[in-house]
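Colleague: I would like to go through this model feature by feature, with the cut-offs stated as we go.

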Amino acid sequence: MNKKLIYGGFVSLVTATMLSSCSGDYLSTEPITNISESQASSTTQAAQMSVYGIARIMYSQLSTSYPRACNGEATYTQYVNEVLGPDNSSYFNMGECGRNWYTWVSVTDKNNTRNNAIWDYCYMIISRANSILATVGTAEGSESEKKWIEAQCRTYRAHGYIHALQWFAPRWQDSNNGEAYAVILRTEPGTGEAPLGTMNQILDLIYDDLNTAITLYGESGGNRTEIWQPDIEIAYGLLARAAMIKNDWATAKSAAHSARQGYSVASNADYMSGFIFETDDCMWSNWDNDIYWSTYGAWFSCNGSYPSNWGRGFAINIDLYRQLDVNDIRRQCFFTPDKAAEVAKIPGYESVASFTEADFWNQNNTTTGTVDCVAGGLSKLAEGFVKYACNNNPVSNQVTSLPYTMVGGAAPTSMQLGAQVKMWSIGQGGTYCDSKYPWMRATEMILTEAEAAYMSGDVNTAKECLMEINSLRIPGYVAPDGEALLDDIRLCRRIELWGEGHNWADFKRWNMAAEERAFEAGVVTSGNTPATYASRHEPSAANGWRLAIPQSESDFNPAFDRKLLNYKE
């Protein structure tokens, strides 16, 4: 396999692709944009460049209007799985996404622009994969190159459909054993009529794509050259994700195990290093950032330009934090009352040892979700926490800005209770902020294998997998027996993958209620979500946790019958 990249060709093709795909609806433009399908796949080299264009969709500013500063995979996994999930109680997201989205009021609105953008993202990936698959077989080039390209396209198409099922389809328990209608089944190039497919039909396509891709990767003899390209391990990982949607425990267990071969659990030092660089457990991720103010780091890292200058960012739901073992090193990633004792160990910050939980539950938090560090007397503690976070981050000497500092580098005047320092970035000034947002980690695969093993009755494997992670993160940890083991697997997944875009989809398939409890001034046992954003969602909410398929699909696709979805609108 010829793996040499013609970088200039990659840039020009991708630029053309992105410039013409900024419209609001994937159905309003042809998938291959301003080059013909025959040109895109006339040679294997051209076809490979088209495949790189799909990769570019996963890390580009896809819309100039809404949502703001979109950066592909990171934006949409954040705006669904983190914003709608219960464990990321972020005032930043509350402000950016608005109350109606944050509290699920608008997720069932077929005219909501965010639903439209999320749907478009899934089907842009699917449509472009369809176009290349339709013609790559006749392209000029070697058979091994064709097999590699087909394998990657099938992997991407499966990825797009997995997201579509996670976000727009019923959960498996509600699907009448897979016979419920789910999302549009589109396997041909172009934007012609395409009907709804059932859960079984979509999952059959995903399974077939990924199993075929696994075979073709092996037959091609190729290997990827960059972390943002899919390969056989990514295909196995996506198969595991699809199998979890279906509660197909045997497939999920086997595929997850195969996916993580050659990778290891991130060390504690790597986990605490801010996800700035690739680690031993990073399987799939974005490349070095080049979209300036739209980069993942600029928007979502703790020291990104927006969280730093606005003084607010992502924060953990304090109720999740309270469930963590006191020795869990992952607790170090969050601004919480117990940090006073740790900050007090830093020379010059001894005075903060007197602060208690009551000091954090000040009145200001009721409406803003942030601790007023000035009025509450916590400015020294907030400043010290930034130093504490830097001391715990082995690469913090490489960052150019600090978490939650105001313009000019002043100490934080406010900081959200539970604010995160897990995700960092490096870069120039307020725009180019480099970081590695993990699209897939081996640790996720270990947790998937653990859960699937437990659900299939293989308790020993479930324990071994959980111990592989928690024995590192929690000194002295011993995996429990019975249902407590499943509880610990889920808890480990929630905290280990916190902020990485899995939360809502996990709670959906677990069939568990999601809750963010309101902050109550002076009540240290209350939550840390402002009262106007606090909410609880039962498994039956929002049509069984389904985003509404947009009205645009009805407008452009006469084969789409919305009544088959049985929405309660």
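Colleague: Is the crossing of α4 and α8 left-handed or right-handed?

Modeller: The crossing of α4 and α8 is left-handed. A crossing is called left-handed if the near helix is turned anticlockwise from the far one by less than a right angle, and right-handed if clockwise. Before going on, note that this is a predicted model, where local features need pLDDT of at least 70 and side-chain atom pairs count only at pLDDT 80 or more, while totals for chains, interfaces and linings use all residues. Residues are numbered from 1 along each chain as its sequence is written, and side-chain values use heavy atoms, with hydrogens and water left out.

Colleague: How many helices and strands does the chain have?

Modeller: There are 25 helices and 10 strands in the chain. Helices (H or I, at least four residues) and strands (E, at least two) are DSSP runs, numbered from the N terminus. Of the chain's 569 residues, 62% count as buried, where buried means under 20% relative accessible area, exposed over 50% and partly exposed in between, with a 1.4 Å probe and protein chains only.

Colleague: At what angle do α4 and α8 pack?

Modeller: Two packed helices are described by the angle between their axes and the distance between the axes. Here α4 (residues 73–82) and α8 (residues 143–168) pack at about 15°, and their axes are 12 Å apart. That makes α4 roughly parallel to α8. Axes are lines fitted to C-alpha atoms, for helices over the stretch in contact, and angles run from 0 to 180 degrees between N-to-C directions. Under 35 degrees counts as roughly parallel, over 145 as roughly antiparallel, 65 to 115 as roughly perpendicular, and the rest as oblique.

Colleague: Which residues of α4 and α8 meet?

Modeller: From α4, Glu 73, Tyr 76, Thr 77, Val 80 and Asn 81 meet His 159, His 163 and Trp 167 of α8. Contact means heavy atoms within 4.5 Å. By class, the residues of this contact are 3 nonpolar, 4 polar and 1 charged. Ala, Val, Leu, Ile, Met, Phe, Trp, Tyr, Cys and Pro count as nonpolar, Asp, Glu, Lys and Arg as charged, and the others, Gly among them, as polar.

Colleague: At what angle does α4 cross α23?

Modeller: The axes of α4 and α23 (residues 503–510) cross at roughly 45° and come within 6 Å. That makes α4 oblique to α23. Val 80, Asn 81 and Glu 82 of α4 make the contact with Asn 503, Trp 504 and Ala 505 of α23. Its residues divide into 3 nonpolar, 2 polar and 1 charged.

Colleague: How many residues of α23 are buried, and what covers them?

Modeller: In α23, 8 of its 8 residues are buried. Among them are Asp 506, Lys 508 and Arg 509. The cover includes α4, α8, α10 (232–246), α20, α22 and α24 (541–545). Just after α23, Asn 511 takes a positive phi of about 60°.

Colleague: Which other residues have a positive phi without being glycine?

Modeller: Asn 247 has a positive phi of about 60°, and phi of Trp 545 is near 60°. Asn 247 lies in the loop between α10 and α11 (249–259) and is partly exposed, at 22% relative accessible area. Trp 545 is in helix α24 and is buried, at 0%.

Colleague: Are α20 and α22 roughly parallel or roughly antiparallel?

Modeller: The axes of α20 (residues 442–455) and α22 (residues 483–496) cross at roughly 160° and come within 10 Å. The two helices are therefore roughly antiparallel, and their crossing is left-handed. The residues that meet include Leu 447 and Tyr 454 in α20 and Leu 486, Ile 489 and Arg 493 in α22. This contact has 8 nonpolar, 2 polar and 5 charged residues.

Colleague: How many disulfides does the structure hold?

Modeller: A disulfide is a covalent bond between the sulfur atoms of two cysteines. With a cut-off of 2.5 Å between cysteine sulfur atoms, the structure holds 0 disulfides. For Cys 333, the nearest cysteine sulfur is that of Cys 302, 9.3 Å away. Cys 333 is buried, with a relative accessible area of 1%.

Colleague: Where is Asn 71, and what does this residue touch?

Modeller: Asn 71 sits in the loop between α3 (44–57) and α4 and is buried, at 0% relative accessible area. Not counting residues up to four places away in sequence, Asn 71 touches Met 58, Tyr 59, Ser 60, Ile 291, Ser 294, Thr 295, Tyr 296 and Phe 300.
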